[in-house]
Amino acid sequence: MLGSGRTLCAGISVRGGGKCGRDRKRKLAVPPPPMSMEQRSGDGEADVALGPRATGLVNAAGRNGKAVVCERCGSRVLSPGTARYRRRELFLPSMRQRVALGTEESSVQGDMLQEHWFVDDMYAFENVGFTKNVNNIKYLVCADCEIGPIGWHCLDDKKSFYVALDRVQHE
């Protein structure tokens, strides 16, 4: 909590402890907030890009065709068929961040990632850890080696967990 009733939500000042995605005010030297840019088809499902489908990562049902594993220790994060492919632009801090997250004077470095595995039940994960609440967001990390963040979860939406394809490996 910052002074005068403001909290920080993924690098964005939120007046009155508001929710992620509402009443945002940009803070200088901080990356843009997570933005919902899901590309939906007529049936409500996210469109699947040719890249993940061509490599066998996405099966015909739009789910992960291979196991999702930690890129450092190889621990299984998701079993095949447990997550859906989604395109949503989200900011994830760098995996080698040297500045503590959530401090007002910090300049958080990271990446805007668009390709994610979407899970709507936290118990679908084989092996994942959650950080402490960092300004209404919990980041997902490998539970074995604690590398991360590999994913993102906003506490306002209890049924949305995103694992970035660029932060994990598949086998």
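Tyr85 and Trp117 are both buried. This is a predicted model, and a search through the whole structure turns up five aromatic pairs in it. Two of these pairs are worth a look side by side.

| Pair | Distance between ring centres | Angle between planes | Geometry |
|---|---|---|---|
| Tyr85 and Trp117 | 6.2 Å | 75° | edge-to-face |
| Phe130 and Phe161 | 5.9 Å | 70° | edge-to-face |

The Tyr85–Trp117 pair counts as edge-to-face because its planes sit at 75°, and the cut-off for that label is over 60 degrees. It also links distant parts of the chain: Tyr85 belongs to strand S6 (residues 84-93) and Trp117 to strand S7 (residues 110-119), 32 residues apart.

What about the other pair? Phe130 is in strand S8 (residues 129-130) and Phe161 in strand S11 (residues 161-164), so this contact ties together parts 31 residues apart in sequence. Phe161 is buried, at 3% relative accessible area, while Phe130 is partly exposed, at 29%.

There's an aromatic cluster as well, made up of Phe118, Trp152 and Tyr162.

Strand S4 (residues 68-70) pairs with S5 over two bridges, in the antiparallel sense, and Val69 stands opposite Arg76 in S5.

Notes. Residues are numbered from 1 along each chain as its sequence is written. This is a predicted model: local features need pLDDT of at least 70, side-chain atom pairs count only at pLDDT 80 or more; totals for chains, interfaces and linings use all residues. Side-chain values use heavy atoms; hydrogens and water are left out. Two strands pair if DSSP finds at least two bridges between them. Helices (H or I, at least four residues) and strands (E, at least two) are DSSP runs, numbered from the N terminus. Rings of Phe, Tyr and Trp (its six-membered ring) pair if their centres lie within 6.5 Å; planes under 30 degrees apart count as stacked, over 60 as edge-to-face and the rest as tilted. Buried means under 20% relative accessible area, exposed over 50%, partly exposed in between (1.4 Å probe, protein chains only).
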